[in-house]
Every structure is written in C-alpha cells, then in structure tokens.
Amino acid sequence: MMKKIIHIFVICNYYSYYKYMKTIFTLLLMNTLILSVLHAQFIENKGQVLDFLERAHPEVTHYYSTQNTAVYFQKNRLVYLFKDEEKIDLGKFEGNHAGLEDAYREQKATYHRMDMTFVGGSTNCFIESNEKEQGVTHFYLNKRNGIRDVNTFKTITYKNIYPHIDAVFYSRNGGLKYDFILQQGANIESIRLAFEGAKISLKAGKLYIQTSLHELVEEIPVSFIDGNEKNIVHVNYILNNDGTVGFQLKDKITYSTLTIDPVLEWGSYFNHPTGGTNMYNLANHMDDDGNYYSYGMAQNAANTYPVTNPGTAYNSTAMGSADAYFCKFNSDRVLVWSTYLGGTGYDEIYDGDIITTQGTTLHIVGERITAGAPFTNGGGFYQANAARNFWARFNKDTGAMLHLTSLSSGYKPSIAVSNSGLVAISNDVYDFSNLPIVNRPGAFNQGTPGQFKDMG
C-alpha cells in the first residue's frame, strides 16, 4: 500500500516579526496552512517549529493549532498562543484586488502568550504519542534542508507528570481537551496548575481563565472511577494559596483509576415542540468568533421551529411544503436569531459544504428555491427565477438578508469563500441542465456539457 505523503511549504514572513507585543514571547509557528490539512491534531516537532527570528525550539515536542490559537507542548508546560488579527474593511477594496492583497500583506496582529505549567510535576516526564494518523508531512523552510516524515497523532500523554498521574490531551468537537488519569496510590492534591499570563477566578464552580484577548471557561469536571463513566464521583476545582489551580475530591473513595474530565460546556437538543417530520439534511458551521450556525430543511409538518429576531427581508414563518431553516447561537450558546427561507413550493436542502461565513457575511446555498421566495439583488450575479440552486447572503450579526439569487438547474451545490471575499460555488450538472456559462480569458472554459453528468 502506497504511503500517503503531504507536502507543505512553510515560508517565514519577516514583516510578521513586528506584529506582536513586546510582552509576548517569540515562540510562533507559521502553521495556518498546516491546520487546514491536518485537522488540528498533534504534530511532532522535528525541527520545523521556528520563531520569527527563524530560531528552532527543540524543547517543543508536539504542537496543536486552530485558526487563531496554537498550543506548544513541552516537558513540564503547555504554551498557548492567542492571535487577534486587525480587521480589514473588504468594502474599501471592491474591484481592487491588488489593493486588497497589499492590505493582507500589511495586516497587523496582536498575540498573547499564556503558559500552563505543571507545578511540582516531573520536569522530564515521558510524552507518549498515540494513534498515529496515516501519512506523513514534509516541511521545506527558509535556508534549511527539508524536514521529512513528520508524523501526526490523535492523542498525547504526559506519563507520570505527577506520581501515578497521567495527563492525556486529545481533540474533540474542534477543540483541545485533557483528562487527568490517577492510578491507585496517587494524591489528587499533587495536581497544581499555574497559568502564567492569565487571570484566574472561580465562579459557581467554573474555572475562568482571562487573557488580554480571550476568556476560557472550564466547567466542573466530570469524574469517574475504574474506567466506567457511570461510576461518577464529585471533584471540584480549587484555588490554592499560591494561585495555582487544583482539584478536590469531595468524598473518600477507593479506586483503581480516577479520571478527571472537564465537562462539555454546552450541548442541547433543538427541535420543534410538536410531532411530525423533523428538520433534516443538517449542516453546521462555527465562525472565528465562536458563533454557531445550524442549517437544514424543515417540511411543513415541522414548521414550529422557533423564530427569533428573524431580520427584515425574509420569511418569519414556513412558506411552502418544505423550507430552509437556519439559526445562529452566540459564543455563550444563546439563540440570537432564527428564521425560514423559501417560496411557496418544496424548497430542498442537502447536506455538505453549504454554509460558511467570511467577515460579517453568512453564505448559504441550497438545492432548490421556488417561486415566491424573497429574491434580493445585493450586487453580483443575480436572477430571480425559480430554479434548482440558490445562493443567499446575510449579515451574520443581525440576520438581515443581503442577497438571494437562483443559480442554475444543477444539483447538490457547495460553497467556499476566500479570505478576500471571493466566492466559489460548484454543483453537479446533467447534460440537460441549463448552466449559465461565463468565459474568462486565461481560465479553463468549456461551453457545452460533456457526457451525461459534469461538474459545474
């Protein structure tokens, strides 16, 4: 079986050196591209972790990143790096792609470093990586030979970071999670976590970690014994006199293993209160600000989904026998707005890459839009014909409609939007489909369909 190899080229941007504040350390990795390929898992460091001065940091064993946060794992600490980029007003550069490229090239960012240290823990514990992903990555850096065969893992474990205590890190629901596993003979009071570069507080049992850019919240840990999640025991956070965070076991118990697992902060059922057909073909999206969007299709038997602050330009009630339904929850998971979208007929939604955000704009596409839909010309491609595919834009903050157009008689559309606001929509088309053709000099142009089914 051929080994899968991913090639990634990492070029250091010297101008970025001037972006970060003087109070921030320079342990920064240019790994936004890596995230999109490796899905924010644990990557071993074989020399590719560099700072803005292109100095290597071999003390980092693994790293993990999302779009605006990176975490670097060392023997006795985790280094968190939060990034806040300067906002760019895309409206100023409409039709001026060169100017927009210059704006992104000169875009400034603020960074904040926070260290989580295992106080009193082993300074040379063994960090075990588990569940290796298929394939390897090669890195090509400025002024360096290629760094080859870098592995990626699903979990890493600090073995015996405290006597008889392991710390396990893994990714779930797009975020970094950790468990403490206590073996028989462990002392729960040994665990002491210091957060350098953050203000710590306890409120109603929750741990609040406040930095200059972000606030992290950890719920009261769910804890259980002997590997059985039904054998729950009560463990609380505590703040020690030295400012470190620890855990307290309420009752004296005996166990072979005790697992301390910070609980999921938010989860909910979302359904209509009466019987009938549920919403289905769901797609979900989370934007850079932590807002959460849900999008799907509700048939008329499920037209009692909640409508909240539905904006001013589209449907506040179900219109046809099936409609699009979508909603926004903020970072605290409060329902901000929700509404229907559709005409007087059967409007279809299929799952896939059908919802995304860029800047302050929410984009959605769907399979079919019928007559009577609130077509709105907000600029760009526009037609108000009932057809198979549609594309809509909304202000993601207010829910106000900006644009709604039908597209073509294709099937199962998907959408992607670049950082500069360029939109790409693709779909299946058959030889009988009526796809609008626009030729562009220098691009691939095919004006007629090929065989029975094509990509449009």
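Visitor: Is Asp-51 buried or exposed?

Guide: Asp-51 is buried, with a relative accessible area of 0%; buried means under 20% relative accessible area, exposed over 50%, and partly exposed in between (1.4 Å probe, protein chains only). Before we go on: this is a predicted model, where local features need pLDDT of at least 70, side-chain atom pairs count only at pLDDT 80 or more, and totals for chains, interfaces and linings use all residues. Residues are numbered from 1 along each chain as its sequence is written, and side-chain values use heavy atoms, leaving out hydrogens and water.

Now, Asp-51 meets Arg-55 in a salt bridge, 2.8 Å from N to O. That term means a side-chain nitrogen of Lys or Arg within 4 Å of a carboxyl oxygen of Asp or Glu. Arg-55 is partly exposed, at 42% relative accessibility. The whole structure holds ten salt bridges.

Next, look at Arg-77 and Asp-115, whose side chains meet at 2.7 Å, N to O. Arg-77 sits in strand E5 (residues 77–85) and Asp-115 in strand E6 (residues 109–118), 38 residues apart; strands are DSSP runs of at least two residues, numbered from the N terminus. Both ends are buried: Arg-77 at 19% and Asp-115 at 5%.

Finally, Lys-328 forms a salt bridge with Asp-397, with the closest N and O atoms 3.7 Å apart. Lys-328 is in strand E23 and Asp-397 in the loop between strands E27 and E28, so this pair ties together parts 69 residues apart in sequence. Lys-328 is buried at 5%, while Asp-397 is partly exposed at 40%. As for shared partners, salt bridges join Arg-77, Arg-113, Asp-115 and Glu-196 into one network.

Note on methods. Helix = DSSP H or I, 4+ residues; strand = E, 2+ residues; numbered from the N terminus.
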